[in-house]
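Good morning, and thank you for making time for this presentation. Please have the sequence and the structure open while I speak.

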Amino acid sequence: MSVVLYAESSDGKFKKVALEVASYAKAVADALGTQVTAVTINASDASELGKYGVNKVLQVQNDALQAFNAKAYADVIQQAARQEGAQVVVFSSSTDSLYVAPLVAVALEAGMASNVVAAPVSTAPFQVKRSAFSQKAFNYTTINTAVKVLSISKNSFGIHENATSVTAEAFAPQLNEGDFATKVAAVEKASGQVSIADADIVVSGGRGLKGPENWHILEDLATTLGAATACSKPVSDIGWRPHSEHVGQTGKPVASNLYIALGISGAIQHIAGINASKVKVVINTDSEAPFFKVADYGIVGDALEIVPRLTQKLKEFKAQNS
Amino acid sequence: MKILVCISHVPDTTSKINFVNGDTEFDTNGVQYVINPNDEFGLTRAIWFQEQQGAKVTVVNVGGPDTEATLRKALAIGADDAIRVNAVPMDGFFVAQQLAEVAKNGGYDLIICGKESLDYNGGMVPGMMAGLLGYNFVNACTELTVEGTQAKAAREIDGGKEVIATALPLVVGGQKGIVEEKDLRIPNMRGIMTARTKPLSVVEPVGGDDKTKAVKFEKPAPKSAVKMVSPDNLDELINLLHNEAKVI
């Protein structure tokens with residue numbers, strides 16, 4: 001018996017979400033009175049996971065798995081889950097994890113709940129709280145199968161240290177040709193930029209910024225804060241910014257610690273996509289803009305005038321506090 | 001090429017979300033239903049394959065009779081025929097099982113779903129279908145072309161995109177990008193008229209217990225009021241973010 005988690009890594013290093021998933025798995029294991037096993041694929045140092053309550057790490061080192069491959073990764077994780085007698089298999093809500101988790105659920109005949117936002121409400125019946133209706137509501141879902149698959153909303157449970165002595169062992173899954181019928185031909189990734197998914201802070205612009213030529217103002221603020229840049233749907237629809245920056249209900253979801261909205265009025269669809277962010281700041285000329293109803297801090301005024309001054313003050317603040 | 005487009009019938013994105021019966025059911029009162037936006041992008045791509053490559057496009061939905069209006073809208077947009085699996089969907093696995101059965105019986109080469117529905121946001125149906133069928137699978141798909149039996153796709157990854165080469169039969173979890181927003185189609189009068197006479201068949205669900213059950217809903221706690229900061233006092237904003245919110 002155990003709780004198994006998939007600890008995602010990138011270039012051999014664990015992603016931050018892996019540590020949150022490990023923390024979550026530890027909480028589930030404590031509730032069930034069992035142990036935590038992490039599965040890693042081509043990651044280097046397993047010991048880091050011990051800090052977050054992982055008892056055992058199954059390490060897969062396999063050149064065929066250098067590029068992400070959903071079917072093959074799912075095969076690795078389900079075989080590890082079987083070996084460990086997993087009662088619960090925990091994933092993050094990254095695009096890769098959301099790609100793999102349903103395949104694992106089918107292989108293990110497991111019921112699955114995604115967007116889980118808190119430790120299980122109860123373990124018998126097994127019940128979790130998850131977000132639904134694009135962050136406009138929560139639902140409590142019971143999972144009735146022997147094995148349960150969960151994917152955890154980013155930044156919802158948090159990272160909790162829980163030092164444990166951890167053992168690592170090599171794990172050699174049986175992979176077949178069918179696992180590799182989908183091949184990665186190329187990866188295009190903007191280097192040196194913080195991605196919206198990984199960012200602790202996101203700075204987002206709307207039509208209130210008046211044109212793509214003003215975006216350097218937003219970018220300066222983002223650089224100062226080490227933030228990712230994002231935009232509202234109208235801005236991506238009119239082509240001021242690429243679609244990859246569109247956040248909202250039909251764009252990318254944001255669950256950052258701080259979300260700063262510049263010149264965004266806050267249509268219900270936009271709010272739905274960013275509402276999982278912990279702290280929201282809005283700067284908008286219209287004091288009646290709906291964003292002020294959901295924001296924590298607000299400034300009524302022209303972002304084009306205010307943001308350069310804010311950036312300058314933040315630079316001074318950073319210089320004093322570093 | 002035979003394409004199956006899986007359509008979810010969801011509340012319009014501007015809907016107020018409320019619950020009834022002791023917060024155990026979604027309040028449908030006054031709610032307008034639409035084709036799930038992620039599915040609509042996929043449907044539009046399927047119509048492109050129909051027009052450019054002679055594909056045949058079937059739309060399918062798992063739902064009660066009240067969801068047929070949504071299927072008719074998909075027919076008006078250009079799908080050739082429609083199937084309704086006559087069951088109220090309670091669980092992602094159940095839906096995937098129904099859709100996989102339809103896909104298998106119809107011998108479809110390409111199955112396009114949205115990557116998630118905007119009501120339950122489960123995001124699991126396309127992957128579960130692919131798992132049940134043993135087909136190739138691309139999730140969060142933002143580009144898709146097919147030549148013969150070979151498919152080329154792009155998927156969104158954290159911070160970029162990945163280009164994927166694969167083959168039919170294929171399940172795709174689509175999203176915005178698979179077609180652009182501006183290429184979405186509003187049904188015209190001719191489409192609406194012909195949709196009325198296009199075949200819509202009803203099939204009964206295949207068995208299987210629900211693996212999960214949504215037992216109760218809850219609305220987020222009301223937010224405390226926004227703290228307003230003067231544009232002439234940006235130091236205060238920095239102070240609040242640093243000392244109160246502790247996010248910088």
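I begin with His270(A), which, leaving aside its neighbours within four places in sequence, is in contact with Ser232(A), Lys233(A), Gly248(A) and Ile264(A). Please note that this is a predicted model. His270(A) belongs to helix 7 of chain A, residues 268-274. Is His270(A) buried or exposed? His270(A) counts as buried, because 26 C-beta neighbours lie inside 10 Å and the threshold for burial is 20 or more.

UniProt, in an unreviewed entry, lists His270(A) under "binding site", and the listed positions also include Arg207(A), Gly263(A), Ile264(A) and Asn284(A). Let me turn to the last of these. Asn284(A) is found in strand 17 of chain A, residues 279-284. Asn284(A) has 25 other C-beta atoms within 10 Å and is therefore buried. Not counting residues up to four places away in sequence, Asn284(A) touches Gly208(A), Gly263(A), Ile264(A), Ser265(A), Ala289(A), Phe291(A) and Val300(A).

Elsewhere in chain A, helix 4, residues 95-107, is mostly covered, with twelve of its 13 residues buried. Among them are Tyr99(A), Pro102(A) and Val106(A). Just after helix 4 of chain A, Glu109(A) adopts a positive phi of about 50°.

I now move to chain B. For residues 23-205 of chain B, an unreviewed UniProt entry lists "domain: Electron transfer flavoprotein alpha/beta-subunit N-terminal". Over residues 23-205 of chain B, helix accounts for 32% and strand for 32%, and the end C-alpha atoms are 27 Å apart.

What is the order of strands in the open sheet of ten strands? The order is 13(A)-11(B)-10(B)-9(B)-12(B)-8(B)-1(B)-6(B)-7(B)-13(B), and the pairing is mixed. From one strand to the next, the twist averages 30°.

Helix 3 of chain B, residues 92-106, packs on this sheet, where helix 3 touches strands 1, 6, 7, 8 and 13 of chain B. The direction of helix 3 makes about 150° with that of strand 6 of chain B.

To close, one pairing within the sheet. Strand 9 of chain B (residues 136-147) and strand 12 of chain B (residues 170-174) pair in the parallel sense over four bridges. Phe137(B) stands opposite Val171(B), which lies in strand 12 of chain B. Thank you for your attention.

Technical notes. Residues numbered from 1 in each chain as written. Chains lettered and ligands numbered in written order. Predicted model: local features only at pLDDT ≥ 70, side-chain atom pairs only at ≥ 80, totals over all residues. UniProt positions renumbered as here; feature names shortened; annotations may be inferred. Helix = DSSP H or I, 4+ residues; strand = E, 2+ residues; numbered from the N terminus. Pairing = 2+ DSSP bridges. Axes fitted to C-alpha atoms, helices over the stretch in contact; angles between N-to-C directions. Contact = placed C-beta atoms within 7 Å.
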